[in-house]
Amino acid sequence: MDVLDGRLAAVCRATLERDDRGSYTVPAPLTYPHQWNWDSAFVALGWLEISPERAWRELESLLAAQQPNGLVPHLIYATPAPIAELVAHLHDVPVVRRLVPALVGRRYSPSPAWWGWRRGGDGRFCSAITQPPVAATATWLLFEATGDEPRARALLPALARWHRFLLDERDPLGLGEPVLIHPWESGRDNAPEWDAPLDRVRPEVTVVPRPDRDHVDAAERPSDDHYRRFLTLVRRGTRSGWRQRELAARGPFRVLDPGFSAILARACADLSRLADALGERRLAEVEAARAERVAAALAARTGGDGLARAIDLADDSESDALSCGSALAVVAPSLSAASLDALEQVVLQGPLASPFGVRSLDRGDRRLRPRCYWRGPVWVNVGWLCALGLATHGRRRSSALLIRRVVECVRAGGVREYYAPGSGRGLGAHDFAWTAALCLRELG
Ligand code: 2M8
């Protein structure tokens, strides 16, 4: 490693250490002071470069929050044990209802009260929706690197239950892909694909607390209008008791996201490999069948241009946006040659290409806002996942080129949440954990 790379790796290491909370890592101390689902999966891969023990702990703490139905929450709140106890026994007492959200949800909105004080399997407060299931892929990569059978084996059942949940309760119509019930589940909160389905959600929430804007320029964050609808969906879900199958079948927001589906297909394939390596033949078969089913469903609705787009299930319309959600299809374990060629072209030379990775939105799209979150900037996790997909499908030179662009972006813009696609300028939160983790992994 040359001196410059060595310096960058040291900055990434220091960032992870600053964001470390012992058993999990906050995405960014000021903007995101809790544990997030796919963030933890990426972050575990960074910890692997520092301490394999700490890497396993990151995934263990994420899966410890699993719900009885198999859902692994998208957000798990930093919850001091005495507060959890207090709420468990006294949550009907008005003063507790008033004070506790301020303590636990401090500096982040929505607080746990919005989700009806839902708790994860380990007692921490959590949300009632999920996020892209990257964890099985991270588990496989950790196992490949460490060979730690007992720790990998211990995670198998929870990962398999989560995948089953996604393909059962979240697929009431048997489409072969999970239905997302909130934009937050895609991880790409204000992506333009969600504009039309969100338009249909009549806002019931008028006052929206925005502590996120204390630390990040408003122009780089979702609008208040987005937040009114995001929070309305949370309120309606809580009011209806978060009946997952019902929400997926008839809820106010129902979409298919090619990025989420492709990540799930890959996660099932990776879990199958892991189960096989651990001698769990039955599970290996089940997960391989799940992987095939999702990949086939995605392939079946891929357009003549080799790309799949988001679907709004309220009217079965296909989004006209070409976003990194479509690009992420490249992580699916099986792809036609035409799709692979199209995806490689789109991310490396085409409308999503940037010298700093993969754009979140087509550079020619009328909705493009190059500084605003998931409507234009480049994100490190997306570039890294696309590179992983290209390598899996044998496009090693393209994969290496993309990784160079991703690392270049961190070098140019610092350890930030996202980057301007033209200049590589750092945007959003500072000290962003998955940026540090994935950059560190690639620098070694
Ligand atoms: C962003 O989402 C959260 C809501 O979950 C937020 O804006 O408050 C997204 O970028 C998401 O993908 C990410 O996991 C999360 C934490 O980094 O932040």
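Modeller: Glu 344, Val 347 and Leu 348 of helix α15 meet Ser 398, Leu 401 and Leu 402 of helix α17 (contact means C-beta atoms, placed from the backbone, within 7 Å; helices are DSSP runs of H or I, at least four residues, numbered from the N terminus). Four of these residues are nonpolar, one is polar and one is charged (Ala, Val, Leu, Ile, Met, Phe, Trp, Tyr, Cys and Pro count as nonpolar, Asp, Glu, Lys and Arg as charged, and the others, Gly among them, as polar). This is a predicted model, where local features need pLDDT of at least 70, side-chain atom pairs count only at pLDDT 80 or more, and totals for chains, interfaces and linings use all residues. Numbering starts from 1 along each chain as its sequence is written.

Helix α15 covers residues 337-348 and α17 residues 396-413; their axes come within 11 Å and cross at roughly 25° (lines fitted to C-alpha atoms over the stretch in contact, with angles from 0 to 180 degrees between N-to-C directions). The two are therefore roughly parallel (under 35 degrees; over 145 is roughly antiparallel). Their crossing is left-handed (the near helix is turned anticlockwise from the far one by less than a right angle).

Now set α12 (residues 258-277) and α13 (residues 281-300) beside that pair: their axes are 8 Å apart, at an angle of about 160°. These helices are therefore roughly antiparallel, and their crossing is left-handed. Among the residues that meet are Leu 264, Cys 268 and Leu 271 in α12, with Leu 283, Val 294 and Leu 298 among those in α13. This contact divides into 15 nonpolar, two polar and three charged residues.

Key. Angles under 35 degrees count as roughly parallel, over 145 as roughly antiparallel, 65 to 115 as roughly perpendicular and the rest as oblique. Two residues are in contact if their C-beta atoms, placed from the backbone, lie within 7 Å.
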